[in-house]
Amino acid sequence: MKKLLIFCFLAFGFNVQANGPGYQVGDIVSDFKLKNINGKMVSLSDYSSSKGFLVVFTCNTCPVSKAYESRIIALNNKYSAKGYPLIAINPNDANAQPGDSFEKMQSYAKAKKFNFPYLYDPGHVVTKQFGATRTPHVFLIKKTDAGNVVEYIGAIDDDTENSNPEKTTYAENALDAVLAGNKPEVTFTKAVGCTIKWKKTQG
C-alpha cells in the first residue's frame, strides 16, 4: 500500500486545493447531469427504479484507482441488480492531467470493459458539491421520501493493493447494511488515493 501511494504522489503530484466540505453523512444529494462516455447526459433522476446509488470518483491515471478497478466493477456487478447501481465520475481537469481527457476516458473504459456510466466533470461542479478530494472516493446514497440521502463516505476498503484476504470492505459492508434496512456501522472513512487534479485557473 505504501509503495503504491508513494508512486502515486511522485508521478502525479500533490496538487492539493482547498475545497468546501461538500456532503456529509445524512445530507440530501442534489440531482446533477454529466456527460457519459457514450455522449449521453446522465442524472440520478434517470434511475427511477433504483433504491440508491454508489457514486465513485475515479479516473484513468491514478495508480490507486487502477488498483481498485476490478473491485469497482465487482461492486457494480453485485449491487446494481439489488438496486444500487454504480456511477463513476472522473473529476480531473484534462489540462492538468491529459490522460484523463474525455476521449481518453472513452478508450480506457472500452479497454477495461467498464459496465457502468463513466461521467466527466470538467468544471469540478459535481465534484465540489460532493466534496470529493481523491480518486477513488466513494459516496453511498439511499433513496428516501426526503430525497437521496448520503449513508457512507470514504474508501472502498482498507487494502489498497488488494493483497489482504482479511480486508475490511467498508463500501460493501455499508451497502449490505442499507439493503437490510439498517444504518452502516461505519459511515465515514478517509479516502486514500491520488489528489484530484484541479483547473490551474482556480484559486
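Reader: Is F32 buried or exposed?

Author: Burial is read from relative accessible area: under 20% is buried, over 50% exposed, and in between partly exposed (1.4 Å probe, protein chains only). F32 has a relative accessible area of 6%, so F32 counts as buried. This is a predicted model, in which local features need pLDDT of at least 70 and side-chain atom pairs pLDDT 80 or more, while totals for chains, interfaces and linings use all residues. Residues are numbered from 1 along each chain as its sequence is written, and side-chain values use heavy atoms, without hydrogens and water.

Reader: How many aromatic pairs are there?

Author: Rings of Phe, Tyr and Trp (its six-membered ring) pair if their centres lie within 6.5 Å; planes under 30 degrees apart are stacked, over 60 edge-to-face, the rest tilted. The count here is 10 aromatic pairs. In one of them, F32 and F130 have ring centres 6.1 Å apart and planes at 75 degrees, so the pair is edge-to-face.

Reader: Which parts of the chain does that pair link?

Author: Helices (H or I, at least four residues) and strands (E, at least two) are DSSP runs, numbered from the N terminus. F32 is in the loop between β1 (28-29) and β2 (33-36), and F130 is in helix α4 (residues 125-130), 98 residues apart. F130 is buried, with a relative accessible area of 1%. F130 also meets F139: the ring centres are 5.0 Å apart and the planes at 80 degrees, so this pair is edge-to-face. F139 is buried as well, with a relative accessible area of 1%.

Reader: Which residues form the aromatic cluster?

Author: Y23, F32, F57, F130 and F139 form one cluster.

Reader: Where does the charged end of R71 sit?

Author: A charge sits over a ring if NZ of Lys or CZ of Arg is within 6 Å of the ring centre and within 35 degrees of the ring normal. The charged end of R71 is over the ring of Y68, 3.8 Å from its centre. K35 lies over the face of F102, 4.4 Å from the ring centre.

Reader: In what order do the strands of the open sheet run?

Author: Two strands pair if DSSP finds at least two bridges between them. Eight strands form the open sheet, in the order β1-β9-β8-β4-β5-β6-β2-β3, with mixed pairing. The edge strands are β1 and β3 (41-43), each pairing on one side only. Strands β4 (residues 52-57) and β8 (residues 137-144) run antiparallel and are joined by six bridges; in β8, H137 is the bridge partner of F57. Seven bridges join β8 to strand β9 (residues 147-154), also antiparallel, and L140 has Y152 in β9 as its bridge partner. β8 and β9 form a hairpin with two residues between them.

Reader: Which residues line the largest cavity?

Author: On a 1 Å grid over the protein atoms alone, a cavity is a set of points where a 1.4 Å probe fits but cannot get out, and a pocket is an open set with protein on both sides within 12 Å along at least five of seven lines; lining residues have an atom within 4 Å of a point. T58, E69, I72, F114 and F116 line the largest cavity.

Reader: Which residues lie nearest the centre of the largest pocket?

Author: G131, T133, H137, I153 and F188 do, among 14 lining residues.
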